[in-house]
Amino acid sequence: MGFKEKLESGKDYYEIRLESIGGLGANLCGKMLGELGVKYLDVNSSNFSSYGSEKTGTPVKGFIRYCKKEKEIRVHSPVVEPDLLVVFHQALLKDPSVWKGCSRETAVIIAMEPGQKTVQWKQGVCYGLEAQRIAMETQSRINVVMLGAALKLMGIENLEAGEQICRDTLGKKYPEALNNNLEGMKRGYEEVKKLERQEVCQNERSREKTAQESTKQQEWGYANAPIGGINPRFGSTVVADLSPSRQGYIPLFLKERCINCGLCHSTCPDMVFQFAKGEYKGREMMVNQGLDYYHCKGCLRCVDVCPVNALVRGVEAEHSDKEYFLPNKELLRMPAYYEEAGADGYITSESYLTEKRMEGGEV
Ligand code: SF4
Ligand code: SF4
């Protein structure tokens with residue numbers, strides 16, 4: 001049911017929740033959806049996002065509410081029972097909090113990977129589109145593609161209002177990218193489709209297995225933390241899977257060119273490069289062994305800085321088996337408490353509360 005029908009049917013609000021990762025532009029998408037209501041859809045609307053200081057790579061939620069023009073919006077809390085849920089990245093689907101409040105009627109739009117055949121789905125009526133591929137082909141961004149898809153699911157008959165809000169918001173800020181963004185939004189609107197039964201699956205067994213494996217992992221304490229110390233709180237870079245922040249590109253390592261200068265290591269903000277004692281040109285030294293792509297957010301600063309082009313920009317979809325992918329064994333991934341806390345662990349005052357609730361020790 002579209003947003004107008006919903007409001008006509010007597011429901012107070014039509015509510016949207018955006019589930020995203022810092023860096024994908026969900027905040028701006030939420031703002032555009034909010035403004036769209038007031039300026040062009042003849043309804044009242046409000047929106048806000050929830051994110052913390054470490055935005056890139058950490059979960060972000062956006063909330064948008066519409067109601068009839070005559071009504072004042074007095075609710076300013078997060079959307080707990082969305083009519084429309086928009087998930088910007090696959091990695092979020094395993095987080096139970098992403099699905100919170102969804103019912104059988106909730107329309108769920110999922111950004112799928114290029115060529116992806118099935119999605120892990122839990123609740124609601126599932127729609128999908130290859131948002132990243134569309135963004136790359138149109139040289140726009142995922143947020144405008146998802147905006148187009150959301151407009152379609154809201155039951156908006158054409159893109160006039162959407163184009164206008166894009167012009168208002170992006171036209172002034174990024175005039176040179178406006179046409180690409182309009183094209184990205186149009187493709188999102190046109191290409192979002194309801195997923196067939198065979199394209200969605202609920203794989204509870206693998207979900208359970210992952211949970212069991214993660215509980216086996218040790219937790220860090222004073223006796224076993226890596227030298228230099230770590231911050232094991234939820235959402236900190238070291239436990240966060242930053243791969244969802246990538247926008248289609250990764251650094252590729254051409255080891256035979258590498259002179260082990262270490263510039264990439266000192267430039268990378270996320271401990272991606274794995275140096276270990278080794279030999280280079282007959283001398284014992286610290287040698288670049290590879291990258292831990294789990295922590296790589298695809299900023300490509302390392303590519304810029306490498307003096308001998310041993311790091312080059314690659315299209316991620318073409319490198320599903322990444323050469324020189326070297327997981328950092330010292331760093332804990334997905335500890336049990338992070339899985340349990342889910343997106344509640346992102347950097348807001350909620351992190352503090354969750355840690356207290358889960359007896360995580362002194363804060
Ligand atoms: S900056 Fe380039 S040459 Fe230097 S260690 Fe990194 S990959 Fe090797
Ligand atoms: S792209 Fe390079 S600098 Fe950026 S996070 Fe990945 S490895 Fe680090």
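A residue is called buried if 20 or more other C-beta atoms lie within 10 Å of its own, exposed if 12 or fewer do, and partly exposed in between, with C-beta atoms placed from the backbone. This is a predicted model, in which local features need pLDDT of at least 70 and side-chain atom pairs count only at pLDDT 80 or more, while totals for chains, interfaces and linings use all residues. Residues are numbered from 1 along each chain as its sequence is written, and chains are lettered from A and ligands numbered from 1 in the order in which they are written.

Helices (H or I, at least four residues) and strands (E, at least two) are DSSP runs, numbered from the N terminus. Helix H3 (residues 131–138) is largely enclosed by the rest of the structure, because seven of its eight residues are buried; among them are Arg133, Ile134 and Met136. Just after H3, Gln139 takes a positive phi of about 55°.

Around ligand 1 there are 13 residues (near meaning a C-beta atom, placed from the backbone, within 6 Å), and the closest are Cys258, Cys261, Cys264, Cys306 and Ala310.

Asn260, in the loop between strand S10 (249–253) and helix H8 (263–267), has a positive phi of about 55° although it is not a glycine. Leu300, placed in the loop between strand S12 (283–291) and helix H9 (301–305), has a positive phi near 65°. Most residues other than glycine have a negative phi.
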